[in-house]
Amino acid sequence: MYDDTTTRTVVIAGASGFIGADLVRRFRALGTEVRTIGRSGRVTWGDTDAIAEALDGVDLLVNLAGRSVDCRYNRRNADAIFSSRVDTTEELGRALALCRRNGGTPPGVWINASTGTIYRHATDRPQTEHDGDLGTGFSVSVARAWEQALSDADVPGIRKVALRLSIVLGPGSVMTPLVMLARTRLGGPMGPGTQKFSWIHLDDVFRAIVFIAGTSSLNGPVNAAAPDVVTNAELMAALRTRLRIPVGLPTPVWLLELGGRIIRTEAELVLKSRWVAPRKLVDAGFTFDHPTLGPALDDILTPDRVAAVEPSRAD
């Protein structure tokens with residue numbers, strides 16, 4: 001297990017995002033030196049020499065770079081989603097190789113974000129790293145190219161992990177629109193409501209990254225998802241219960257697709273059945289602080305956190 005009492009050095013790429021900012025805060029709270037790579041700051045994308053220098057002497061590299069998928073998949077957005085993941089991963093591979101050629105010491109572990117969306121629409125059985133079926137479509141194509149860029153990086157001696165993240169729950173992010181829907185009494189089942197919803201608490205994302213960094217047997221694809229997979233209908237019911245909202249009108253598929261056009265997002269984000277099982281993590285001995293949805297929502301929706309996930313209201 002990673003010794004979190006020892007000061008170490010970590011590079012986080014994509015540190016300004018929802019997960020990245022949380023990792024920076026948590027690592028620094030442990031006394032860990034954190035270096036960041038992003039679109040702004042001292043080390044930026046496109047400056048491979050500076051990235052290679054930042055990677056010298058580092059214990060761990062975590063790459064979370066990637067444009068949000070909460071948008072319409074038109075040509076411009078699709079290109080940005082693809083390049084922000086694949087191009088940055090390729091550049092990190094080049095920078096790691098350059099670091100070594102220059103006589104530096106690159107990190108021994110590279111954890112690169114991926115997504116549980118890489119699996120097919122699954123309602124029949126959970127998808128594990130060993131027997132999961134990869135899906136089709138734009139999102140899957142991006143995920144496969146993302147992981148291929150990691151696999152193709154010529155960096156001998158560096159343990160590489162593709163972290164297949166499920167939906168991350170925490171203050172803000174996806175919780176904000178879900179709470180808004182519930183508050184407006186539209187928090188019922190979306191589409192059929194039977195589609196599986198794989199999720200992971202933000203706390204456990206950090207803990208999983210720490211665990212992976214210290215577990216040499218973990219490499220390749222690793223699913224990051226809580227063991228308690230629920231349906232969309234169960235998710236919305238659990239949320240309404242905690243917000244004390246008794247009624248949640250269902251949203252049919254046609255209305256989701258229409259609404260997606262209006263608010264510039266894709267209905268696929270809520271209609272795809274994601275049933276992701278954390279087989280590798282569990283088999284390696286990882287335990288979740290938030291294994292079940294209800295208590296996880298209780299933690300996120302505590303009074304001191306609820307302002308971060310609720311839209312502002314005039315009442």
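## Helix 11 and Ile-300

Ile-300 belongs to helix 11, residues 293-300. Helices (H or I, at least four residues) and strands (E, at least two) are DSSP runs, numbered from the N terminus. Ile-300 has 0% relative accessibility and therefore counts as buried. Buried means under 20% relative accessible area, exposed over 50%, and partly exposed in between (1.4 Å probe, protein chains only). Leu-202 and Ile-300 are 98 residues apart in sequence; C-alpha to C-alpha, they are 9.4 Å apart in space.

## Basis of the model

The model is predicted: local features need pLDDT of at least 70, side-chain atom pairs count only at pLDDT 80 or more, and totals for chains, interfaces and linings use all residues. Residues are numbered from 1 along each chain as its sequence is written, and side-chain values use heavy atoms, with hydrogens and water left out.

## Strand 1

Strand 1 covers residues 9-13, and five of the five are buried, so the strand is largely enclosed by the rest of the structure. Both faces are covered. Thr-9, Val-11 and Ala-13 lie on one side, Val-10 and Ile-12 on the other.

Strand 1 pairs with strand 2 (residues 33-37) in the parallel sense, over five bridges. Pairing requires at least two DSSP bridges between the strands. Val-10 stands opposite Val-34 of strand 2.

## A negative surface patch

Asp-47, Asp-49, Glu-53 and Asp-56 form a patch of negative charge on the surface. Patch residues have over 30% relative accessible area and no salt bridge, with like charges joined within 9 Å. A salt bridge is a side-chain nitrogen of Lys or Arg within 4 Å of a carboxyl oxygen of Asp or Glu.

Asp-56 sits in the loop between helix 2 (48-55) and strand 3 (60-63). Its relative accessible area is 34%, so Asp-56 is partly exposed.

Methods
Patch = residues over 30% accessible without salt bridge, like charges linked within 9 Å, V, L, I, M, F, W, Y side chains within 5 Å. Areas by Shrake-Rupley, 256 points an atom, 1.4 Å probe, with all protein chains shown as cover. Lys, Arg positive; Asp, Glu negative; His and termini not counted. Charge placed at Lys NZ, Arg CZ, Asp CG, Glu CD.
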